[in-house]
Amino acid sequence: MSSTATTEKADVSGDTWTLHTDGIPADTLSQVQKYLERFHLTREKLQEVSARLRKDLTRGLGKHSHHKAPVKMLPTFVRATPDGTEKGDFLALDLGGTNFRVLHVRVVEEQQKVLKMDSQICAIPKEMMQGPGEELFDHIAACLNDFLLSQNLKGQTLPLGFTFSFPCEQKEIDKSILIRWTKGFNCSGVEGEDVVKLLKEAIHRRGDYDIGSVAMVNDTVGTMMSCGFRDQSCEIGMIIGTGTNACYMEEMKNVKRVEGEDGRMCINTEWGGFGDDGSLRDIQTEFDVAVDETSINPGVHTFEKMISGMYLGEIVRLLLVRLTEERLLFGGRASEALLTPGGFETKFISEIEEPENGLENSQRVLREFGLKWDTVDSRVVRLVCDAISSRSARLCGAALATLANRIRVNRRLERLKTTVGVDGTVYKKHPNFSEELQNTARLLAPQCDITFLVSEDGSGKGAAMVTAVAQRLARQSRLLEESDAKGRRKLVTTDVRNTANVMQNLESIYTMNPR
């Protein structure tokens, strides 16, 4: 390639790889490309990755193969998506870090809108994160009480959607057992317990208000459901932010760990664990291996570490350090900031790849890092960011195509029309990521018409929507039971009348023909 190579749009064939190579001398470019080629995944390789994930989805759903499957495929007990008839007022509780949110959400059927009426953020003191579990849930119950008072909702018994972003084993829509605390929490007496029960007990200890039915919600499911009210063909949810995950509607007959054959259930794939059994070793680079080995959980969440926001910046940093050591950047001199693990934030990648101001942003970041750079250096840094974000988008697109293809095959359709609800800063903030992901997904799922819809507050509005759908299904079930009961009463009345008529006829016959 010449030094005047121009920037081209990404080629959706997946076989050629076009990046920002303009302004980089040919000899420098050829040496840099030797490192970047390891991040290039051809169409054939992406199809292989998709085929491996397809097998892992089946393993995760199996009753006997599940415990060894890297992709866990957790049943959520969410049995339907919105149909547009949901309505009413709901509470949502979102606990996943040092703060938690309480929301009042109104679902308006006529406008097909999910409205956030109001919300409140409550802090969790650090000592409470390590203290008795009872104290934590008493604190949540107290904050919920304050919110109800501020909204004049005290006295109403509203259903609640509970987004609890810690590893749990869900047993029912309203029963979820905490497997282990993460994110700095270590409250005693909670691991191995049902968190819905603990919340309800804390509210009952107060005795001054009550809540209605509770639905436990995973944030990915909330993403799907928050989009599902606006678009009833939304049956996949996907998050690509700090971490990554996806969920989709699976046929019940394939969910071997839950009784029942009819209908569908939303499955939380936990696809971040894809590759934990070594199945992605052939596409991992030495930089991916280094990121994994220095993480807090080596050998776990392999796929997530190759594509999500928590790790992309570090992959770029390690590659820039290597290119500096090879004297291909900054005259071979690295700065202390560049050598600091975690110092290169993923947001820098988005800024450096901006179409209009990317080079200026690249130069600003290099100045902040205390590096001695020239224009070629800033262009090479942009090229490195291109390569890493492009691989991330393509891998994510291949995984998404796997889910869309599975739904289509499950339903024996020639063509599938479906919508994906998406959330996450990498998808929303990176200038090219969403387009490249979408192109890859459509390339690898050619018989699927896939629409993408950005979610609005999956852990808040989405949690309320899960609760609204659960309420609708319960209402419909009650109507069916009432209908069946009426049918049975009608049948009994008819039988009684028939018996009376038979008796009358017998009496007439006996009167006419005495012995």
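Which residues touch the most other members of the largest nonpolar core? Of its 76 residues, these are Met238, Ile240, Leu437 and Phe452; a nonpolar core is a set of buried Ala, Val, Leu, Ile, Met, Phe, Trp, Tyr and Cys residues joined through side-chain atoms within 4.5 Å. This is a predicted model, in which local features need pLDDT of at least 70 and side-chain atom pairs count only at pLDDT 80 or more, while totals for chains, interfaces and linings use all residues. Residues are numbered from 1 along each chain as its sequence is written, and side-chain values use heavy atoms, with hydrogens and water left out.

**Confidence**
- The chain has an average pLDDT (the predictor's confidence in each residue, from 0 to 100) of 88, and 89% of the residues score at least 70.
- Residues 1–10 have a pLDDT below 50, and this stretch has 23 contacts in the model beyond near neighbours in sequence; contact means heavy atoms within 4.5 Å.

- Beyond its neighbours within four places in sequence, Ile240 is in contact with residues including Ile307, Cys396, Val422, Phe433 and Leu437.
- A second, separate core of 39 residues includes Met129, Ala141, Leu144 and Val195.

**Open sheet**
- Five strands form an open sheet of mixed pairing, in the order β4-β3-β2-β5-β8; two strands pair if DSSP finds at least two bridges between them.
- Because β4 (113–123) and β8 (214–217) stand at the edges with a single partner strand each, one side of each is left without a neighbour in the sheet.
- Strand β3 (residues 99–108) pairs with β4 in the antiparallel sense over ten bridges, and Gln120 in β4 is the bridge partner of Val102.

**Helix α6**
- Nine of the ten residues of α6 (residues 219–228) are buried, where buried means under 20% relative accessible area, exposed over 50% and partly exposed in between (1.4 Å probe, protein chains only).
- At the start of α6, a side-chain oxygen of Asn218 comes to within 2.8 Å of the backbone nitrogen of Thr220.

**Positive phi**
- Most residues other than glycine have a negative phi.
- Met73, in the loop between α2 (43–61) and β1 (74–75), has a positive phi near 50° and counts as buried at 1% relative accessibility.
- Asn152, in the loop between α4 (133–150) and β5 (160–164), has a positive phi near 55° and counts as exposed at 68% relative accessibility.

Conventions: Helices (H or I, at least four residues) and strands (E, at least two) are DSSP runs, numbered from the N terminus. A polar contact is a pair of N or O atoms within 3.5 Å; within protein, one must be able to donate a hydrogen and the other to accept it, and residues adjacent in sequence count only if both atoms are side-chain atoms.
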